[in-house]
Every structure is written in C-alpha cells, then in structure tokens.
Amino acid sequence: MFVSCNFKEIKSYLCPIKKRKFMRKDVIKSLIAIKQSEIPFDVIERDIKLPINRNKIITVPGVRRCGKSTLMEIAINGLVREGVSPRNILWLGFDDERLKNMSSDDLDDVIVSYMEMFPDIPIKDVYMFFDEIQLIKDWEYFVLRVYKSYCKNIYVCGSNATMLSTELSSALRGYPLEYETYPLSFNEYCRFKGIATNSYLEQDRARLKMAFEAYNQASAFPEIVLTSSRSEQLKLLHGYFDTMILKDLAEHYKISNTGVVRYFVKRVMANLTKPTSINAIYKDIKSQGLKVSKDDLYLWADYICNIFMFARISKYDRSLVKEQKSLDKYYCIDNGMRGAVLMPQSNDNGKNLENTVFMQLNRMRLPSDKITYYQGNCECDFVLQREDNVIQLIQVTWDMVDASTREREIKGLLEAASVTGCENLIIVTKDEENTFNREGKEIKVIPAWKWVLLFLAMILLNLSDYVYLLLG
C-alpha cells in the first residue's frame with residue numbers, strides 16, 4: 001500500500017540526520033588536525049618498534065595501559081624522520097565522546113573527512129592510525145574494505161577485550177601482522193628512569209643493581225613508572241585491576257558473578273609460580289557457600305589469559321596428551337599490580353623474580369619458541385624450546401646462600417638436562433655470578449639484572465640464539 005507524505009515532512013526528517021553528519025565530520029577533521037599538530041610526539045622510546053611500509057594491517061594487542069598507543073606514536077615519529085609529512089598521517093581516537101554514537105556505516109565519514117581536508121594527497125599514500133576503534137560495532141569490515149581498496153598502511157590498537165589477538169585474527173581474516181605489547185622491560189624501565197644500561201663504570205653497575213631490585217617489586221606499567229607518589233600509584237593500579245575485572249572480563253564475557261570472579265583472580269595471583277589446580281580453587285569457593293560451576297572456572301582461567309592479565313605454561317612432557325593434562329603455572333602481567341591487590345608477602349622477592357624472568361622470556365620469545373616447566377623427582381622452572389629442540393634450562397632463585405637451596409636448584413637443572421638432552425644450564429639469582437661444573441655439565445649463575453639485558457641484546461641484534469653470548 002502506498003503511503004503519501006509531503007515534501008516538508010521528508011525534509012524535517014532528513015535535515016537533522018544531515019546536520020548530525022556535517023557536525024560529525026567537523027569533529028573528525030578537528031581531531032585529525034589536533035593530532036597532526038602534535039607531531040613529532042614527545043614520547044620515550046620502547047625497545048620494540050612497529051614496522052613501517054609492510055603493506056599489512058598492523059595490530060597492537062596487549063593488556064590495558066601498557067603503551068599500545070605510544071607505540072603507534074613512536075611509529076609516526078619514525079615516519080616523519082624518513083620524510084613523511086604530518087599531513088599524510090590520519091590518526092583518530094574513537095574514545096572521544098562526540099563519536100560515541102557512530103556506527104560502522106558512519107566510518108566512511110573518516111575517509112571522506114580526511115579527503116576533504118587534503119584533496120591533493122592520494123589516499124594510498126596515507127598512514128592510518130585507529131585508536132580504540134573497537135568501540136564502533138563491526139569496525140573490522142570498514143578496516144578490511146579500506147585495506148583492500150584504498151590504503152595498505154593501517155595500524156589498529158585498543159584496550160578492550162575485543163582487541164584480543166585471537167579475535168583480531170578472526171575478524172580481520174588473517175590479514176593482520178600482530179605486535180603484542182607488554183609493560184616495560186627492565187631496559188625500558190631504566191630508560192624511563194634515566195639510568196644508563198650500557199656503562200661499565202662501577203657506580204653505574206651499582207645503580208643498575210638497585211634499579212633492578214626496585215623494578216622486580218614495582219609496577220612496569222608506563223604511567224605508574226612515571227608517577228612518583230606511592231599513594232597515586234596504588235590508586236592507579238587498583239583502577240587498572242578493577243577495569244580489567246569489570247570491563248574486560250565481566251562485561252566482555254557476560255559474567256554477572258563479579259565477586260566470585262574477583263576472588264578467583266586473587267587466588268590465581270596468590271599461587272604465582274606454582275602449578276595451579278582449578279579444581280582445588282573450585283572446592284575452596286564451594287566450601288564458602290558461593291555458587292559457581294567448575295566449568296565456569298575453567299573458562300575464567302582461559303579468559304584471564306585472553307585479556308593478558310596472566311600467561312600460563314604447561315609441564316614439559318614429550319607426550320602432548322600428558323602435557324595437556326598437567327597443571328598449568330600462571331604468571332601475572334605485572335608484579336606491581338599483583339602486590340597492590342594482594343599486599344606484599346614475606347616470600348614475594350623470589351616469586352617476583354621468577355615472574356620477572358618469565359615475562360622477559362615471554363616478551364622476547366620467537367614464534368617458534370615454547371616455554372614450559374619441568375617436574376619430575378626435582379623441578380626446573382623454565383624449559384625453553386625452539387621448534388623441536390630444548391635450547392635452554394633456567395632455574396630462578398632469589399639467592400643460593402642456603403646450601404639446601406643451592407643443591408635443590410642444581411639437582412633440578414641436572415635432572416631436566418638428563419630428560420631433555422639440553423646442556424645449556426642457567427641459574428638466575430639476585431646478584432650472584434659464577435660458573436661451575438657438576439656431573440660433567442657447566443652451570444652458569446647470572447645476576448638477574450645482567451641476564452635480562454643480555455637476553456634483550458641478543459634479540460635486538462637478531463642473533464639466532466642468545467645462549468652463545470651468555471655462555472661465552
């Protein structure tokens with residue numbers, strides 16, 4: 001049936017829509033211009049750089065507040081140094097409240113607005129940086145269309161759980177090149193604090209040792225490192241934790257039982273460095289009269305790793321079936337956040353050190369690397385595999401002053417070496433440095449501050465195996 005309406009009615013309906021569209025384009029143009037005016041950005045360099053001119057969608061997943069947007073700003077600074085004009089940079093942050101009602105259909109306004117600002121610049125020569133674009137539903141279809149049809153230089157990052165690496169790969173259908181981002185490494189921490197890491201002067205080495213002890217128990221989130229007030233640091237860290245629990249976990253995965261989730265996360269945090277039984281946590285929660293299913297807890301264990309709050313490793317075993325049935329160890333993304341949430345414990349130095357070593361291994365590992373732990377009659381903290389070969393065995397202990405501690409660490413290394421066939425054996429401690437032989441095998445004891453810097457140097461130099469430098 002035909003319904004008649006007059007021209008005035010149509011005009012009164014369309015005019016507000018048209019007006020909103022013009023207003024939104026004005027906002028987009030303003031945001032692009034403001035960001036361009038800030039180039040080059042006043043930022044502190046990070047160790048890892050985003051690639052330039054790779055003709056790929058570059059995605060930057062990672063935990064909240066770890067510096068993903070800063071990595072994109074560093075990439076822009078690099079482009080400008082190579083001669084790219086700031087006019088060729090299209091940066092848009094979708095967390096501006098004036099863009100909150102945008103839909104995926106409205107995203108074309110971004111391209112149109114830029115072309116109206118710079119009609120003389122071919123869109124293929126533009127470098128596009130989209131921050132917090134996950135706030136727009138179905139954003140990935142827009143990014144794919146732009147990439148396929150107009151521009152090959154696209155960078156995407158965001159702090160929501162929808163920016164997970166697994167979900168990004170699915171949404172963008174295998175096109176992205178992923179650069180996972182972490183809180184600061186020790187080398188970056190020293191850079192932020194103005195401490196030289198390449199000096200051979202004794203006083204600088206002393207400063208490095210002191211800096212590492214502070215780094216080992218402090219937060220490595222960039223904003224926290226640059227905040228001097230301890231009370232302000234704690235306030236920020238609790239805010240990070242609450243946002244991860246309420247938004248990245250509860251909101252994204254539609255979990256209503258936030259109180260139990262919070263308790264579950266704290267239990268995993270408290271069990272840092274030890275094999276963690278989800279079933280044991282389930283029994284504990286049930287004994288308190290709280291309602292949750294065991295299946296939910298196993299899902300939550302996946303989720304807390306998905307949002308980068310934790311990383312987990314399995315027990316080393318030649319049998320994949322046995323490996324998958326073993327209890328996992330969970331490592332926390334940040335020692336400082338864990339300390340703020342749980343409050344410092346008397347035995348935290350050793351746990352923090354093992355967590356720090358793991359984070360460095362995880363931060364710098366190659367795609368073909370795998371990290372596990374060994375457990376037999378004795379234990380070895382880390383088994384580092386590269387493809388099918390075990391290339392490194394690492395024990396971590398705060399110190400080996402106690403004779404029984406020393407023997408325990410050595411026995412764990414030797415047993416793991418016997419099972420894996422690996423002879424590159426390292427013990428990382430707070431400050432001991434030594435080399436000795438036991439049962440025909442050389443064991444290198446390295447101070448933690450030196451180990452993290454040597455390991456980083458090997459990766460940045462693109463050498464195939466950092467073990468050769470460590471072992472001379």
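Author: A definition comes before the helix pair: axes are lines fitted to C-alpha atoms, over the stretch in contact for helices, and angles run from 0 to 180 degrees between N-to-C directions. Keep in mind that this is a predicted model.

Reader: What angle do helix 6 and helix 7 make, and how far apart are their axes?

Author: Helix 6 covers residues 186-193. Helix 6 packs against helix 7 at about 110°, and the axes lie 11 Å apart.

Reader: Why is helix 6 called roughly perpendicular to helix 7?

Author: The range for that term is 65 to 115 degrees. The angle is about 110°, so helix 6 is roughly perpendicular to helix 7.

Reader: Which residues of helix 6 and helix 7 meet?

Author: From helix 6 come Phe-186, Tyr-189 and Cys-190. From helix 7 come Leu-208, Ala-211, Phe-212, Ala-214 and Tyr-215. By class, this contact has eight nonpolar residues, no polar and no charged ones.

Reader: Is Tyr-215 buried or exposed, and how do you know?

Author: Buried means under 20% relative accessible area. Tyr-215 has 8% relative accessibility, so Tyr-215 counts as buried. Across the protein chain, 52% of the 472 residues count as buried.

Reader: What does Tyr-215 touch, leaving out residues up to four places away in sequence?

Author: Tyr-215, found in helix 7 (residues 202-217), touches Leu-184, Ser-185, Phe-186, Tyr-189, Ala-220, Thr-356 and Arg-363. Contact means heavy atoms within 4.5 Å.

Reader: How far is Tyr-215 from Cys-190 in sequence and in space?

Author: They are 25 residues apart in sequence. C-alpha to C-alpha, Tyr-215 and Cys-190 are 8.9 Å apart.

Methods. Residues are numbered from 1 along each chain as its sequence is written. This is a predicted model: local features need pLDDT of at least 70, side-chain atom pairs count only at pLDDT 80 or more; totals for chains, interfaces and linings use all residues. Side-chain values use heavy atoms; hydrogens and water are left out. Helices (H or I, at least four residues) and strands (E, at least two) are DSSP runs, numbered from the N terminus. Buried means under 20% relative accessible area, exposed over 50%, partly exposed in between (1.4 Å probe, protein chains only). Angles under 35 degrees count as roughly parallel, over 145 as roughly antiparallel, 65 to 115 as roughly perpendicular and the rest as oblique. Ala, Val, Leu, Ile, Met, Phe, Trp, Tyr, Cys and Pro count as nonpolar, Asp, Glu, Lys and Arg as charged, and the others, Gly among them, as polar.
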